[in-house]
Amino acid sequence: MGIKQELTRNFSIIAHIDHGKSTLADRLIESTGMISKREMVEQVLDKMDIERERGITIKLQAVRLIYKAKDGKEYFLNLIDTPGHVDFTYEVSRSLAACEGAVLIVDATQGIQAQTMANVYLAVDNDLEIVPVINKIDLPSADPEMAVREIEDYIGLPAQDAPRISAKEGINIDQVLEAIVTRIPHPEDNNDKPLRALVFDSVYDPYLGVICSIRVRDGAIKAGDRITFMAGGKQFDVDQVGVFTDRLMPVAKLESGDVGYFTASIKDVGDTRVGDTVTSAAHPAEEPLPGYKEVRPMVYCGIYPADGSRYEDLKEALAKLKLNDAALSYEPETSAALGFGFRCGFLGLLHLEVTMQRLDREFDMDVITTFPSVVYKVIKTDGSVVEVDNPANLPGPSEINYMEEPYVDASIMTPEEYVGSVMDLCQKRRGEYVTMEYIENRVLLRYVMPLNEIIYDFFDSLKSRTKGYASLDYELKEYRRSELVKLDLYINGDIVDALSFIVFSENAYPRGRSIAQKLKENIPRQLFEIPIQAAIGGKIIARETVKALRKDVIAKCYGGDVSRKKKLLEKQKEGKKRMRQIGTVSIPQEAFTAVLKLDDD
Amino acid sequence: MLNTDKGIYIHIPFCASKCAYCDFVSYAGRDSLIESYFEALFRQIELFPYDWAVNTVYFGGGTPSYVDARLISETLEKTARRFTLARDCEISLEANPNSLSPKKLEIYKKAGINRISIGAQSMDDDILRLIGRAHRRSDTVKAAENVLKAGFDNFNLDLMFSLPKQTAADFEDTLKAAADLGVPHISCYSLTLEENTPIYRLYEDGTYSQDDEIDRQMYRAALEILASYGLRRYEISNFALPGRECRHNTDCWDFCSYAGFGAAACSFIRNTRLETTGDIGEFIRTFTEGAGEWDAASTAYEETAGELAEDYIMLALRKASGLNESDFSARFGEDFRKMYTDIIRETVSEGLAEEVGGFYRLTDRGFDLAGYVTKKFL
């Protein structure tokens, strides 16, 4: 056994959102002294503003710490950060697969949450040694013994000796470091085998090309090697290998047990998919590392520039985002209502939301999005199957034999007092009850639900029904046959393609009514009366009317009023700039956004 | 022929009490400031740098009739000293019905005031109470009689509609009662809800609501009833017997220059718009502590040709006569019809405007939607 492997520990930190993962990571980095406190930027691992604001980590990354343990030896601790949200479950599982162990943080004030469980299962699946840690003991409401009991009773891990820490206050951080060294196994020495390295992250850098984060399982990799991506199939020549300190630090080689990166003038992150195995082109391994799967978008929507003249800007912005986000897909589409835009695919709603925010912040792009859609399977009368992620592409009713929609296994953790309300919500959203498990004063509910219902404002409803306490996790389960219809919206007799969506037939009436209502509230009065209709096929199921504009006049305008009144008119007109023309009707951008938010309570 | 009249506006920001709908610069309970305010005002008038011959003077407020009438006389004297007042100069003063005594009217008459504008607002006592007016219908009747008795044949009543609890019948009653007083000029305003007024909160919390249909019904009633008294609409909210139109305001809509004096007063001189501070304390300090310029407490903004043209259109469309196309091209050197071909065609086809004898003007329906039409030109 190589001495290097014996002195290496590869681990992740797993936790529910807000249980203190990033803060603990910072403390570990500080305590190991690898980066001076002066250089420490708050939350080193979270690179992007959005992540910091939302308290989650989107792009994963690793860092190498040097720790002198109580046994007097110096260890390399490779901390691999994991994304913190349900949309990125697969990426989390690949990060975990790069480790031998995981630090499990449980918040002493909240105990186990839905995502704690989901992450523990992922860690167990990857045969990781789990090191429980009780965090936030400095808070007045902390109950560390409750957290210990929950870990023992519901996860089945001994937790009496778990470090009780406060990452925020820096209390007992050394205990965590010692536990990592003593409890987590060191990696195996497989230097004599052909190269196999797991890709767990990749980011694009304009100077180096794609920086591929890898965990070497077998063999070694160094600059000059020609390598193959076993699933992707492409070959590249390695320019540089290195490890992550506070920056990229080139090293001579990476060998089995190491966590680091390589670059190879790769232009497209799509060539370096997470979960793929890197091997030597000259001496390839026989089998790739297990667990690779192609991540496919689960949620689609149309994205259009609010200002139609900025189509090229939007195109450029998406291309730039795509550089670092292999999971994002987009292709051009046109809408009669919204003009030129893109059909974009996302891993889930959060991924979508984060992308919108990045478009806004990093590219100053104001966009209109259409209803998110899942991927439906349409079994046609001729027996062929087509996948539809855009209502506009749904074949005509006569061509459809039947349709299938994706269902997910959903886990919801909620405080006991909201169970009734959460169950009611799940029922309304066509959830099928599976189990219910009490964990202290909380309940873990499991439902099988159509994804269609989850992407439709479910998370907001869940939060509002539980005062923000409930947590949600879900995973794709299967496709099921379902009664689905396409709902169209007509404004002044003209169909608005951007507002069409596919809906469970029984929900079509209430949803059609509700959307017609929302449109009515958001379309300003015009010179003529504007009928708004929701229809299935040709059949009208809901109707609202925007009354004609009867009065738009400033009563007083004398010498002292001129500037003020003109400003008032200009302000009113400003809103009109963002109008979209549907036939003879002008529809403001807000109308498209408003219909995306429906309150079912 | 271009209208080259010039006017003077003088702001008197004092009131007996603040009305529930008012967001003008006006103060109730600040009487101790009145003397020093007029001192500052006189100083500002003296500092005016141009030698203007003026055609109109207008005392607005606030409530000009609230302060001692001799202060008004004195202001007018100072004005006549600094400016050349035309022989037929229109000199107007805004007044509240309950502060218009025969004694005051006599002083005004002597000072040269020849037009009185009475803030009647409604002839319904319940509504007057609701909108925070201190007077009652009988006060308005009395005031109108006093005005006529004092020899003012040129006077105006201000009326409001779309008021809380007001029905179309209530307003028709008010219109008739007002016209029956033999008034040659009536201004009718649909209540504009201004933020930070007591009445705004009533609408905000849903106690009252404004209905566009009823509002237009009331406006149409005004058109019809006032027409039957010979009062014709010459501007969106103004009705007069022929020859009794308010010259001061007409000049403003005709894009003439005017100089405003006092706190919060606005001026339009050549291409520049000025607005004096609305902070009465600041106004007084500026002009009693030796300011050397008449606009020392004002902000000035020189408008571009495009902005001027927009102002011009916004104001011209308020007039029943509409926009004089040759006047436009004389002022801006551009052909109105060529510049706005599409908008003109569109608004005419929508039935909102018409072109008659070199004028582009709103139709009846267009008057309901003057804002809508104007916005097209901005």
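The side chains of Arg273(B) and Glu303(B) meet in a salt bridge, with 3.3 Å from N to O, where a salt bridge is a side-chain nitrogen of Lys or Arg within 4 Å of a carboxyl oxygen of Asp or Glu. This pair links distant parts of the chain, since Arg273(B) sits in strand β13 (residues 272–276) of chain B while Glu303(B) sits in the loop between β14 (298–302) and α11 of chain B, 30 residues apart. Helices (H or I, at least four residues) and strands (E, at least two) are DSSP runs, numbered from the N terminus. Arg273(B) has a relative accessibility of 7% and therefore counts as buried, and Glu303(B), with a relative accessible area of 9%, is buried as well; buried means under 20% relative accessible area, exposed over 50%, and partly exposed in between, with a 1.4 Å probe and protein chains only.

The structure is a predicted model, in which local features need pLDDT of at least 70 and side-chain atom pairs count only at pLDDT 80 or more, whereas totals for chains, interfaces and linings use all residues. Residues are numbered from 1 along each chain as its sequence is written, chains are lettered from A and ligands numbered from 1 in the order in which they are written, and side-chain values use heavy atoms, with hydrogens and water left out.

**Salt bridges in the model**

Side chains of opposite charge can pair when their charged atoms come close. Over all chains, the rule gives a count of 62 salt bridges. One of them is formed by the side chains of Lys566(A) and Glu310(B), at 3.4 Å from N to O. Lys566(A) lies in helix α14 (residues 562–576) of chain A and Glu310(B) in helix α11 (residues 305–316) of chain B, so this pair joins two chains. Both Lys566(A) and Glu310(B) are buried. The side chains of Arg361(B) and Glu354(B) also meet in a salt bridge, at 2.9 Å from N to O; here Arg361(B) counts as partly exposed because its relative accessibility is 27%, and Glu354(B) is partly exposed with a relative accessible area of 28%. Lys551(A), Asp215(B), Arg216(B), Arg220(B) and Asp368(B) are linked in a network of salt bridges.

| Salt bridge | Distance, N to O |
|---|---|
| Arg273(B) and Glu303(B) | 3.3 Å |
| Lys566(A) and Glu310(B) | 3.4 Å |
| Arg361(B) and Glu354(B) | 2.9 Å |
| Asp368(B) and Arg220(B) | 2.7 Å |
| Glu453(A) and Arg511(A) | 3.4 Å |

**The two domains of chain B**

Chain B is divided into domain 1 (6–253) and domain 2 (306–377), with bounds that come from an automatic or database domain assignment. The centres of domain 1 of chain B and domain 2 of chain B, taken over C-alpha atoms, are separated by 28 Å. Their contact, meaning heavy atoms within 4.5 Å, takes 11 residues from domain 1 of chain B and nine residues from domain 2 of chain B.

The area buried between domain 1 of chain B and domain 2 of chain B is about 990 Å², of which carbon and sulfur atoms give 52%; buried area is the accessible area (1.4 Å probe) that two parts lose on being put together, summed over both. Of the area that domain 1 of chain B buries against domain 2 of chain B, Arg233(B), Ile236(B) and Trp253(B) supply 55%, more than any other three residues.

Across the interface of domain 1 of chain B and domain 2 of chain B the rule finds four salt bridges. The count of residue pairs in polar contact between domain 1 of chain B and domain 2 of chain B is six, both residues at pLDDT 80 or more. A polar contact is a pair of N or O atoms within 3.5 Å; within protein, one must be able to donate a hydrogen and the other to accept it, and residues adjacent in sequence count only if both atoms are side-chain atoms. On the side of domain 1 of chain B that touches domain 2 of chain B, α8 (212–228), β9 (232–235) and α9 (247–253) of chain B each supply at least two residues, and α8(B) gives the most, with four residues.

**Domains 4 and 5 of chain A**

The domains of chain A include domain 4 (376–482) and domain 5 (485–594). The C-alpha centres of domain 4 of chain A and domain 5 of chain A lie 30 Å apart, and the contact takes 10 residues from domain 4 of chain A and eight residues from domain 5 of chain A. Domain 4 of chain A and domain 5 of chain A bury about 870 Å² between them, 62% of it on carbon and sulfur atoms. The count between domain 4 of chain A and domain 5 of chain A is one salt bridge.
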